[in-house]
Structures are given as structure tokens and as C-alpha cells.
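Subject: Handover of a structure and notes on its features

Dear colleague,

Please find below the structure that I am handing over to you. My notes on it come after the sequence and the model.

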Amino acid sequence: MQNTCPITEEVKSSKKHIGIPVVADVHYDLWTLKIKLEFLNSDFPVYAIFKNIQGFRVLDEGYLMEYWDDNKRSQGWLWKVKEDGWHDQERMRSGFAIGEHTLKNYDEYMIVGQNDCLNVICGEEPIILVV
């Protein structure tokens, strides 16, 4: 495993929601992953909806120390992970039965939450909704 900070970029569609949210709910129904986010400056929840999912994980931010290099980390709360993230770990893992070629057409996204973070490997950029 590398000891470098993953290369990330802020997802533009998330820029209208300022701050780091609380991950309030995670719902997966085999077709869609829906994340309910609560921001301090909003009376309404924000939902991040992911489709075409190959995998997701929820971890406390303390288990993701490689992401927190202040000189390299992206702004905002929703990132596209370009290199050296969980996606790359899975593609190269020998125990991953499907193999590297299967995940090459998928991207990794990361929701940075106040306590919990989510990494999602999927085939489409998430949809951001306010209900």
C-alpha cells in the first residue's frame, strides 16, 4: 500500500452546499445508494444519490489519515478520487475475484463527513438533490 495522499478534486455540483455535513442516513437497495446529509447552514437535508455501484464503504475519518494532507486535499465535502484511493486498492488486490479490468470504467467518489466518510465506486457522477 502506498503512503501518499490520494489525488482528489472537488465535484462541481457539490459547491453550492457549504461546510462539512453530518452523514445522517445511508440507504442501499441494490440499485441506488442514497446518502442523507445534514448541513449546519441549511434547514433541509441534501441527498447524494449514486447509481451503477460496484462498492461502497463507510469509515470514521480517523481511519483515512492518508486523505488529510492539508497541502494536497481538495476543498469541499464531495470529491472525485483520481488516484491512490480505495478504488486503486481494490483494482490491484489479488483476492478481488473480478479483477482489475472490470473496475477500470468506474470512478471513486468520497463524501467527507464530520464523523463518517463514504467511498463509493460507481459508473456515474452522483446526483445532488435538496428535498
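Predicted model: local features only at pLDDT ≥ 70, side-chain atom pairs only at ≥ 80, totals over all residues.

Residues are numbered from 1 along each chain as its sequence is written, and side-chain values use heavy atoms, with hydrogens and water left out.

Interior

In soluble globular proteins, nonpolar side chains tend to be buried together. In this model the largest nonpolar core has 18 residues. A nonpolar core is a set of buried Ala, Val, Leu, Ile, Met, Phe, Trp, Tyr and Cys residues joined through side-chain atoms within 4.5 Å. Buried stands for under 20% relative accessible area, exposed for over 50%, and partly exposed for values in between (1.4 Å probe, protein chains only). The residues with the most contacts inside this core are Ile35, Leu37, Ala48, Phe50, Trp77, Leu78 and Ile111. At least two core residues come from each of strands E3, E4 (46-51), E7 (107-112) and E8 (116-122). Strands (E, at least two residues) and helices (H or I, at least four) are DSSP runs, numbered from the N terminus. Another core, of eight residues, lies apart from this one and includes Tyr67, Trp79, Met110 and Val112.

Ile35 touches Val23, Asp25, Val26, Val46, Tyr47, Ala48, Phe50, Ile111 and Leu118, leaving aside residues up to four places away in sequence. Contact here means heavy atoms within 4.5 Å. Val26, which lies in strand E2, is partly exposed at 33% relative accessible area. With the same exclusion of residues up to four places away in sequence, Val26 touches Leu33, Lys34, Ile35, Phe56 and Leu118.

Cysteines

How many disulfides are there? The count is zero, a disulfide being a pair of cysteine sulfur atoms within 2.5 Å. Cys5 is in no disulfide, and the nearest cysteine sulfur, that of Cys117, is 13 Å away. That distance is too far for a bond. Cys5 is buried at 10% relative accessibility, and Cys117 is buried at 0%.

Charged pairs

Side chains of opposite charge can pair when their charged atoms come close. The structure holds two salt bridges, each defined as a side-chain nitrogen of Lys or Arg within 4 Å of a carboxyl oxygen of Asp or Glu. One joins Lys36 and Glu38, at 4.0 Å from N to O. Lys36 is partly exposed at 24% relative accessibility, as is Glu38 at 39%. Lys80 and Asp107 also meet in a salt bridge, at 3.6 Å from N to O. Because Lys80 lies in strand E6 (residues 78-83) and Asp107 in strand E7, this pair ties together parts that are 27 residues apart in sequence. Asp107 is partly exposed, with 29% relative accessibility.

Surface patch

Tyr28, Leu30 and Trp31 make a nonpolar surface patch of about 430 Å². Patches are made of residues with over 30% relative accessible area and no salt bridge; like charges are joined within 9 Å and nonpolar side chains (Val, Leu, Ile, Met, Phe, Trp, Tyr) within 5 Å. Accessible areas come from the Shrake-Rupley method with a 1.4 Å probe, and for residues only the protein chains shown count as cover. Trp31 sits in the loop between strand E2 (22-28) and strand E3 (32-38), and is exposed at 70% relative accessible area. Leu30 is placed in the loop between E2 and E3 and is exposed at 67%.

Backbone

Most residues other than glycine have a negative phi, and most peptide bonds are trans. Leu30 has a positive phi of about 80 degrees although it is not a glycine. Asn52 likewise has a positive phi, near 55 degrees. Asn52 is found in the loop between E4 and strand E5 (53-60) and is partly exposed at 36% relative accessibility.

With kind regards
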